[in-house]
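Have the sequence and the 3D view open while you read.

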Amino acid sequence: MPAAFPPPLNEKGNTVQPGLRVLVLGGTTEASTLCRKLVTGWPACHAVLSLAGATRQPHLPDMTTRIGGFGGVQGLTDWLRHNAIHAVVDATHPFAAQMSQHAAAACAAACVPLLRLERPGWKATPHDDWLMVPSITDAASTLAHASRWKTHPQSVFLTTGRKETRPFKEAAQHHYLFRSIDQPEAADLPPHTQVICARGPFDLAAELQLMRVHNITVLVTKNSGGVATYPKLEAARMLGIPVIMIARPTGQDTPHAEDAAAALAWLHQCASSTLRDV
Ligand code: NAP
């Protein structure tokens, strides 16, 4: 059973239990790693992990967790104040742009320090054939209209996430192999789509086999970064398959850490400047 998040204030308005009160906005491996470090290595830190509720059966760590949206910027601002939060780590996915915007606005309104924990993006090697596009819609339009593919039906390996398949209906001349953790809505898929449900990490041998068995000729992916889903890019490189790479949305002007260890160091700095007794 996860430990209860301690009540924030007593009747005098003081925190009942000393210690840094942290909100971690999650949904990523980095968030889970940070939470494990907080739970196992820092007993005086009271952390709550927040998930959007997008994944039907999330892997939950053994800690206080809340699930579901806050109700926009105002909802999050109220939540931070009500729970007397000292620091927020926005460890949402690099493509979860709305939540990051809301976190920046709410933390500014509630005067709570905010750190963005975001893994670095992938970079092409000289042996990769990547076509960079700015959005999902542009990826779909490229498949639909680029002279390279317009009149040449492709076998596309689509790994964009189940809520982002609809634009590819525009490129209906191709066949798709679509992979996501949960089953997508059939109405959101282009025709000629085969779905496989799987949760990473994936390994290179399996990715090579999958792409060979399905005769994949194009890979479409967001530039999520990280090691868990990188083998599909290694496999594409080895098989000479072009990649349509969707660039990350522009981020907020927020202090930044690339891994959980750096985020932990930032939280310790917050603790020493915010609390004398942590
Ligand atoms: P989004 O578009 O940035 O956010 C949409 C809304 O979902 C937010 O306004 C917020 O609702 C709620 N939300 C998002 N993350 C939340 C969190 N950690 N805790 C509480 N509420 C949250 O997000 P998204 O792209 O749909 O992603 C949803 C979740 O899936 C995120 O936690 C993200 O880390 C994870 N994820 C996303 C991707 C991706 O490619 N986008 C991939 C893997 C994992 P309110 O406005 O009501 O607060």
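Where is the place of A84? A84 sits in the loop between α2 and β4 (87-90). Its phi is near 50°, a positive value in a residue other than glycine. Another loop, the one between β9 (193-197) and α5, holds P201. The peptide bond leading from G200 into P201 is cis, with omega near 5°.

A word on the ground rules: this is a predicted model, with local features needing pLDDT of at least 70 and side-chain atom pairs counting only at pLDDT 80 or more, while totals for chains, interfaces and linings use all residues. Residues are numbered from 1 along each chain as its sequence is written, and side-chain values use heavy atoms, with hydrogens and water left out. Helices (H or I, at least four residues) and strands (E, at least two) are DSSP runs, numbered from the N terminus.

## Around the ligand

The ligand is surrounded by 20 residues, where a residue counts as near if one of its heavy atoms lies within 4 Å. S50, F70, Q98, M99 and K222 are the closest.

Some polar contacts (pairs of N or O atoms within 3.5 Å; within protein, one must be able to donate a hydrogen and the other to accept it, and residues adjacent in sequence count only if both atoms are side-chain atoms) are worth a look. In K222, a side-chain N or O atom is 2.4 Å from an oxygen atom of the ligand.

## α2 against α3

Helix α2 (residues 72-82) packs on helix α3 (residues 97-110) at an angle of about 50°, with the axes 8 Å apart. Axes here are lines fitted to C-alpha atoms, for helices over the stretch in contact, and angles run from 0 to 180 degrees between N-to-C directions. The pair is therefore oblique (under 35 degrees is roughly parallel, over 145 roughly antiparallel, 65 to 115 roughly perpendicular, and the rest oblique).

On the α2 side, the contact (heavy atoms within 4.5 Å) uses G72, V73, L76, T77, L80 and R81, and on the α3 side M99, H102, A103, A105, A106, C107, A109 and A110. By class that gives 10 nonpolar, 3 polar and 1 charged residues; Ala, Val, Leu, Ile, Met, Phe, Trp, Tyr, Cys and Pro count as nonpolar, Asp, Glu, Lys and Arg as charged, and the others, Gly among them, as polar.

## α1 against α7

Helix α1 (residues 29-41) and helix α7 (residues 260-274) pack at about 50°, their axes 9 Å apart. That makes α1 oblique to α7. From α1 come E30, T33, L34, K37 and L38, and from α7 come A260, A261, A263, L264 and L267. They split into 7 nonpolar, 1 polar and 2 charged.

## α5 against α6

The axes of helix α5 (residues 204-213) and helix α6 (residues 231-239) come within 8 Å and cross at roughly 55°. These two are therefore oblique as well. L204, E207, L208, M211 and R212 of α5 meet P231, K232, E234, A235, A236, M238 and L239 of α6. This contact has 8 nonpolar, no polar and 4 charged residues.
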